[in-house]
Amino acid sequence: MPQVHNWQLNREVEFPYEESRPERQWAAMFDLNKCIECQTCTLACKTTWTHEEGQEHMFWNNVETKPYGAHPIGWDKRTLEDMGTMEWDGDTYEGDTIFETEDVDWDDPENHPTEERINEDVAGFMPDIEDDWRYPNLGEDETAGEEMDLDVHFDEDTHPIWFFYLPRICNHCTYAGCAGGCPVQAIYKRPEDGVVLIDREECQAQMVCNETCPYKKAQYNPAETISQKCVGCYPKTEDGRAPQCFETCLGKIRLHGYINTPEEADDSDPMAEPTNPLDFLVHQKEVALPLYPQFGLEPNVYYIPPTTAPVDYLEQLFGPGVEDAFETYRAIGDGEEPALEGLLNLMGSTEWSITAFEVDDGEAVGYYEGDEVGRVPITEPQTERDRVDEVDGEEVYRLDIT
Amino acid sequence: MSDSDFSILGGPPSERNDESSGGNRTARDDRDTDADPTPELPPGDAATALHRARLYSLLALGLERPDGNGGLEMDDTTALVNAAAALDRTVEDAATAVDDHLTDTAERKKRWASLFGVEEGHTVSPYELTYLPGPLLTTVRQLADIRGFYHAFGIDVGEKMPYRGDHVCYQLEFLAHLCLRDARLRRAGDDEGVTIVVDARRTFLEAHLGRWFWRFAGEISAHDDGFFAAVADLLAALVEDEIAILDLDPEWVPDTSEVTEWNEGIFGAAGRSCGGCGADATGLEDLEGSPGNPRNPGSQTAQDGLDDR
Ligand code: SF4
Ligand code: SF4
C-alpha cells in the first residue's frame, strides 16, 4: 500500500506515518574525494556532545574506511543482507526498503508501533552494546582489489587497489527510520528545519530506534537510560553557523545548507544569480548522492562519490547516479564547470551555512540569508618555475614546479 | 492522542501532550512553585568576607613565581596572619607557619622553579585537569566550565598570563573576587546579590578547587618542607574551613593519578585501552558482521615471517 513519496527512489514508499515536510530541510554535502580521515570532525563532535559517562561508545560523527570499515561492526552489510535483492530500473528502485521488507501494511493504524506492540517487522538489527560499538576504527586503511605488487600501475580513474573514507553523521532523514520505529512516539522532526530529535522527556528506553535507524545513528546511553542522537548542532545552525564537524573539517569536504524536493528545487543559474547550493549539487548537477537511498528514508546528507573506487560498489552505496556524477565531477578538471568548481572551493572557507551562492567576476560568493559570508577565487593564481635550474654551478631538476 | 494522528513533524512530543491537555507550564512556573519564599541569607558577614578575600588573593600570590609581580613579601605575610586570625584557629596557625618559613626571594625562586617551573619539568602540577579522573578527551569540558564561572562574573584570564584557566592561582583569585563582592554586597544590604555570589562560591568550590586542593597540597608537601609546604597547608586549612562553613560535599578526585582511559563499567577490562582499531581484540572473526577480510596483507606477511623461521 503506497504511503509517502520518496523522490530518491522515484516512487511511493511505505512508512508508518503520513508524508509531511518541514519548512526547510537541514542538509549536507560531503565530497569523498577530499576526506583524509583526520577524524577532526569526530573529535569536534565528541568533545561538544558526547563526552559524558554513558556516551563512551557514541560517535555521532564517525569516519570509517570503506569497504571494510563499519561502526558499529557490519552495520550496512547486516541490514543489506536482511533486505534481500536490491534492483533499480533506471531511476526507480524496485527492491524493498527497510519498512517494506516484511510486507507490513503501514496504512493500518493497528500496525503502528505502540508500547504494547513494538514493531519487529523492519529490516535491520540491534547493535550489541558490548561488542558492536567497541571498535570504531576497525578496518581502517584496509585495501580492497588487487594485491599490492611492484608492477601494479594506477593508470585508470578506477584504481586496481582502493579504499576510501566515509564520514557519517545522522542524515536527518525525511522519513526518519528512528522515528518510524519508536513505540512511544518520542522522536520528532522539527517543522522549521527538519532536524530529527529524541525528546528526552518522552524517551522510555525501548531502544527500538537503535534498531530501526539503518545508519545506526540513534544510540542508547546506559548511564542516562535514554537513547540519544546527533542534534545537527541546531543551536549553531539556528544562528546560521555550520555544525561543529563542518566548521572544523580540515579537508574542507563539507557544505551545510538546506535542500528542497526536485519539484521545488531552485533552478536558477549561479553564473547569473544567487542559487541554493544543495539544490544545485543534488538536483541540477546530480553530482552529490544520498547514502544507501534504498533503505527508503530519504536521507539528507549527500556525497560526491570517490572517483578511484569501482562503480559497482559505489552504486550499492549511492544508487544508480554514480557514473553521471563522475562525468560531471571530471568535467571540473577540464574547466567546463566553473560554478561547480567555485562552489567546491567555497565550501569550508566559511564557518557559516550557505543558503545561496553565485559566481561573480571569477570569484565564488557564498551567502547566508542574503548576507555575504564567503568569497574565493575559482582558480587559484599559480606561478610556474623553470623545471631545470642552476644552483651553485649544478643543474637542479625540480619535480614540483607549481 | 491516537497513533494514527501522530506526525513525526512537529514540536517535542512532551510539549505537544501538554498543549492538548491545556497545560501551559513554563520554566518560570517551575521556578515560582519551587522557590523558597523567604530565602535565608548565607552564613557570614562583610568583615569575614573581606578577610577571606585577602587570604585567597595572598595565597594566589604565594603560589606565583616569586619575582617582580608574583610571590609574597614580608608585609604580605603579616597581612596574611592578621586576616587568618579573624577566621579560625587552624587557619591562623597555618598562616603563622607561612610567615615563619618566609625565605629571601632568590631562595624561594629556586624552590618554586624546582616545584612548578618548566625549568625542572613540573614536579607538582598546579592544574586541576591533571588530578581529574578520565582521559583528557572527557576532562577538557571542565575547562569550559571554569571559564564559564569567570565569564559569568565579568572576568577573564589576562592576556599576559601564561597559564590555562584551571591553574590554581586563577581559581584562588576567582574565589578572592567572589569574597570581595560578597563583602561589598553585604555592606550595600543587597541580600539577593549576596545569595548569588555565595552560591557561586559554593558551586565553584564543590565542582573545582574543593575537589582537588588536597591532592595538590599533598604533592607539594611530598616534595618540599619549607615555605611552599607551609603555603600548601594554609591553602588546605582555608578550603577545609570553607567546606565546613558552607556545608559542602565535593566529590574528591582519586588519590592517585591513575587515569581510567575508557569506561570499564560499560566495556569491561578491554575498556582500558582505546580498542579503536581492534588491534588488541581477540576473536574478532567471531563477531557477527565482522568484515573478515580474507586478503589482509598485514597478517599474511606475519604468517610468512613465522614460516621462514
Ligand atoms: S575533518 Fe573532514 S577531512 Fe578530516 S576526517 Fe572529518 S570529514 Fe574527513
Ligand atoms: S540517520 Fe538514523 S537517527 Fe538520523 S534521522 Fe535517519 S533514521 Fe533517524
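1. In this predicted model, strands S15(A) and S16(A) are paired in the antiparallel sense through two bridges. Within this pairing, A:Leu289 is placed opposite A:Tyr303 of S16(A). Helix H7 (residues 277–284) of chain A packs on the sheet to which these strands belong, where it touches S3, S14 and S16 of chain A. The direction of H7 makes about 90° with that of S14(A).

2. The sheet itself is open and has four strands, in the order S14-S3-S16-S15 (chain A), with mixed pairing. Its edges are formed by strand S14 (254–259) and S15 of chain A; each has a single partner strand, so one side of each remains without a neighbour in the sheet.

3. A point on the loop between H7 and S15 of chain A concerns A:Glu286, which lies there. A:Glu286 is not a glycine, yet its phi is positive, at about 50°. With a relative accessible area of 46%, A:Glu286 is partly exposed. A:Asp141 has a positive phi of about 60°, although it is not a glycine. Its relative accessibility is 38%, and A:Asp141 therefore counts as partly exposed.

4. Helix H9 (residues 322–333) of chain A has twelve residues, which at 1.5 Å a residue should span 16 Å; the C-alpha atoms at its ends are 17 Å apart, in agreement with that expectation. The buried residues of H9(A) are A:Val322, A:Ala325, A:Phe326, A:Thr328, A:Tyr329, A:Ala331 and A:Ile332. An α-helix has 3.6 residues a turn, so residues three or four places apart point the same way. Among the elements that cover the buried residues of H9(A) are strand S3 (25–31), strand S15 (289–290) and strand S16 (301–304) of chain A. The cover also includes helix H8 (311–318) and helix H10 (338–346) of chain A. After H9(A) comes A:Gly335, with a positive phi near 75°.

5. A second open sheet to be noted has three strands in the order S17-S18-S19 (chain A), with antiparallel pairing. Strand S17 (356–360) and strand S19 (371–377) of chain A are at the edges, and each has a single partner strand, so one side of each is left without a neighbour in the sheet. On average, neighbouring strands of this sheet are turned by 25° against each other, direction ignored. Strand S18 (residues 363–368) of chain A is joined to S19(A) by six bridges, and the two run antiparallel. A:Glu363 stands opposite A:Pro377 in S19(A). Helix H10(A) lies across S17, S18 and S19 of chain A and runs at about 110° to S19(A).

6. Strand S9 (residues 164–168) of chain A is mostly covered, five of its five residues being buried. A:Phe164, A:Leu166 and A:Arg168 point one way from S9(A), whereas A:Tyr165 and A:Pro167 point the other way. S9(A) pairs with strand S4 (residues 62–66) of chain A in the antiparallel sense over five bridges. One of the facing pairs here consists of A:Thr65 and its bridge partner in S9(A), A:Tyr165.

7. The loop between S4 and helix H2 (75–83) of chain A contains A:Pro67, and A:Pro72 also lies in the loop between S4 and H2. The peptide bond joining A:Lys66 and A:Pro67 is cis, with omega about 15°. The bond joining A:His71 and A:Pro72 is likewise cis, with omega about 0°.

8. Regarding the ligands, 14 residues surround ligand 1, the closest being A:Cys35, A:Cys38, A:Gln39, A:Cys41 and A:Cys249. This shell divides into nine nonpolar, three polar and two charged residues. Ligand 2 is surrounded by 14 residues, of which the closest are A:Cys170, A:Cys173, A:Gly177, A:Cys178 and A:Cys213. The shell of ligand 2 comprises nine nonpolar, three polar and two charged residues.

9. In chain B, B:Val198 is found in helix H10 (residues 191–207). Its relative accessibility is 1%, so B:Val198 counts as buried. Leaving aside residues up to four places away in sequence, B:Val198 touches B:Pro42, B:Asp182, B:Arg186 and B:Leu246.

10. As to chain A overall, ten helices and 21 strands are present. Of its 402 residues, 59% are buried.

How values were computed. Residues numbered from 1 in each chain as written. Chains lettered and ligands numbered in written order. Predicted model: local features only at pLDDT ≥ 70, side-chain atom pairs only at ≥ 80, totals over all residues. Heavy atoms only, no water. Near = heavy atom within 4 Å. Nonpolar A, V, L, I, M, F, W, Y, C, P; charged D, E, K, R; others polar. Expected span 1.5 Å × (residues − 1). Buried < 20%, exposed > 50% of the residue type's maximum accessible area, 1.4 Å probe, protein only. Contact = heavy atoms within 4.5 Å. Pairing = 2+ DSSP bridges. Axes fitted to C-alpha atoms, helices over the stretch in contact; angles between N-to-C directions.
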